[in-house]
Amino acid sequence: MIFDLIIVGGGSSGVFTYLTYKEKHSNKNVLIIESNNQLLRKLSCSGNGKCNFTNEYLSFDKYNNGENFKFLFDNNPKERILSFFKKRNILYYKDEEGRYYPYSNSAKSIQKILINEIDENDYILDTKVIDIKYNNSLFYIESYNKEKGYLNFISKNLLIATGNKNYKTLGSDGSLFNSIKELGHTFTEIYPSNIYIKVKEKDITARLNGLRFKANLSLYNDNKYIYSESGELLMKENALSGIVSFNISSRLAKIYKDGNIKNPYIEVDFLYDYNEKDLKDNYNSSNEKYNYLLGLIHPEMVKIIENENNPIEKLKSFRFNIVSLGDFDHAQVACGGINTKELNGLESKIIKGLYFVGDILDIDAPCGGYNLSNAFLSGMKVGEVIE
């Protein structure tokens with residue numbers, strides 16, 4: 001059989017493409033090839049299992065390289081995603097920060113509802129694509145199934161929805177990159193994003209390992225201010241973590257990708273809700289300075305800063321020098337991907353009928369439902385245009 005469309009990758013972007021395409025072309029033959037033992041596995045883990053699927057402030061300017069994908073965000077993109085969910089009777093709510101979640105607070109609810117819409121004959125699991133060839137307007141896909149061994153498929157159109165090279169445990173490992181390059185495509189530099197940030201001050205972070213602080217983090221590069229955000233900071237043995245650090249990492253990954261990195265560091269204000277002068281005045285007038293510090297910050301941090309000449313100043317601007325971003329295996333997304341110059345929208349300029357969606361595109365964003373939104377929107381867009 002020659003398929004009308006083969007989708008490599010049964011994640012969010014691949015499934016949204018399938019559902020949109022089949023709605024328009026119900027009689028056409030489609031096959032989703034998924035390396036995991038279930039579809040939408042990454043979606044089922046998203047948002048700590050709750051699935052933060054979009055954001056009130058969804059816009060192209062929230063993304064690294066979003067300018068090149070403005071067409072995905074035309075005509076109220078948030079409402080298009082919400083409409084998709086409403087059509088499937090999926091209730092949702094918005095939190096105080098503009099993040100949307102299913103009312104069930106379960107990513108698995110969405111996973112099961114979407115899978116139930118897919119014909120069981122239209123997908124194959126536990127099957128890894130090994131190689132892709134193109135000849136005489138057809139795509140030849142070689143794959144390996146855990147039970148059936150080597151399988152070969154032919155298709156008129158091919159969609160790459162494999163993700164990037166983060167999250168190896170969930171199937172996104174970059175193993176198809178060489179085949180994509182052989183088809184004539186190139187990749188921009190790729191860096192882990194939405195990830196913890198490794199720092200030089202391991203003696204400090206190790207002592208604070210596992211502790212959480214309400215703090216403001218400011219990113220600097222080449223002594224220039226880049227970005228700041230307030231929220232929960234989680235200390236790891238050799239790194240800064242937590243959502244606020246993840247969002248800082250998105251900006252940092254872009255700097256690495258652009259090749260402009262120079263002596264980057266993060267300045268942490270552990271007392272950003274309080275005026276520095278007032279804190280200093282109160283500290284200096286206190287007869288029990290150690291106890292005063294205990295009233296401000298965790299005892300382990302007090303031990304670290306109590307002998308500083310200006311402990312309040314230290315807490316208001318604690319500097320951590322950046323070593324690198326975290327490891328790909330723990331990154332929620334990747335910064336970088338298919339070279340945008342080689343695409344006409346989401347279709348290859350090099351080979352007609354070859355499309356790319358989701359994380360493999362050179363577009364990424366901080367936490368908050370933006371990256372899932374990209375997967376949904378790019379999937380719907382491709383599903384609408386493929387014939």
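R319 counts as partly exposed in this predicted model, because its relative accessibility is 36%, a value that lies between the limits of under 20% for buried and over 50% for exposed. The residue belongs to strand β16, which covers residues 318-325. Setting aside residues up to four places away in sequence, R319 touches E201, Y265 and I266. S172, by comparison, is 147 residues from R319 in sequence, and the C-alpha atoms of S172 and R319 are 34 Å apart in space.

On the side of α1, the contact is made by S12, S13, F16, T17, T20, Y21 and K24, while α12 contributes L372, A375, F376, S378, G379, M380, V382, G383 and E384. Sorted by class, the residues of this contact between α1 and α12 comprise seven nonpolar, seven polar and two charged ones.

Helix α12 also meets helix α3, residues 77-87, and here the two axes come within 10 Å and cross at roughly 80 degrees. An angle from 65 to 115 degrees counts as roughly perpendicular, and α3 and α12 are therefore roughly perpendicular to each other. The residues that make this contact are P77, R80, I81, F84 and F85 from α3, together with S373, F376, L377 and M380 from α12. In the contact of α3 with α12, seven residues are nonpolar, one is polar and one is charged.

Within α3 itself, K78 deserves a separate look. Is K78 buried or exposed? Its relative accessibility is 11%, so K78 counts as buried. Leaving out neighbours within four places in sequence, K78 is in contact with T54, N55, E56, L58 and Y100.

A further helix, α7, runs over residues 243-257, and its 15 residues should span 21 Å at 1.5 Å a residue, which agrees with the 21 Å that separates its end C-alpha atoms. Helix α7 is mostly covered, since 12 of its 15 residues are buried, and these buried residues are V244, S245, F246, N247, I248, S249, S250, L252, A253, I255, Y256 and K257. Just after α7, the chain reaches G259, which takes a positive phi of about 75 degrees.

Most residues other than glycine have a negative phi. C51, however, has a phi near 70 degrees, a positive value in a residue other than glycine, and C51 is found in the loop between α2, residues 41-45, and β3, residues 54-55. With a relative accessible area of 0%, C51 is buried. D126 likewise has a positive phi, near 50 degrees, although D126 is not a glycine, and its place is in the loop between β6, residues 123-124, and β7, residues 127-135. D126 is partly exposed, because its relative accessible area is 25%.

Conventions
Residues numbered from 1 in each chain as written. Predicted model: local features only at pLDDT ≥ 70, side-chain atom pairs only at ≥ 80, totals over all residues. Heavy atoms only, no water. Contact = heavy atoms within 4.5 Å. Helix = DSSP H or I, 4+ residues; strand = E, 2+ residues; numbered from the N terminus. Nonpolar A, V, L, I, M, F, W, Y, C, P; charged D, E, K, R; others polar. Expected span 1.5 Å × (residues − 1). Buried < 20%, exposed > 50% of the residue type's maximum accessible area, 1.4 Å probe, protein only. Axes fitted to C-alpha atoms, helices over the stretch in contact; angles between N-to-C directions. Parallel < 35°, antiparallel > 145°, perpendicular 65-115°, else oblique.
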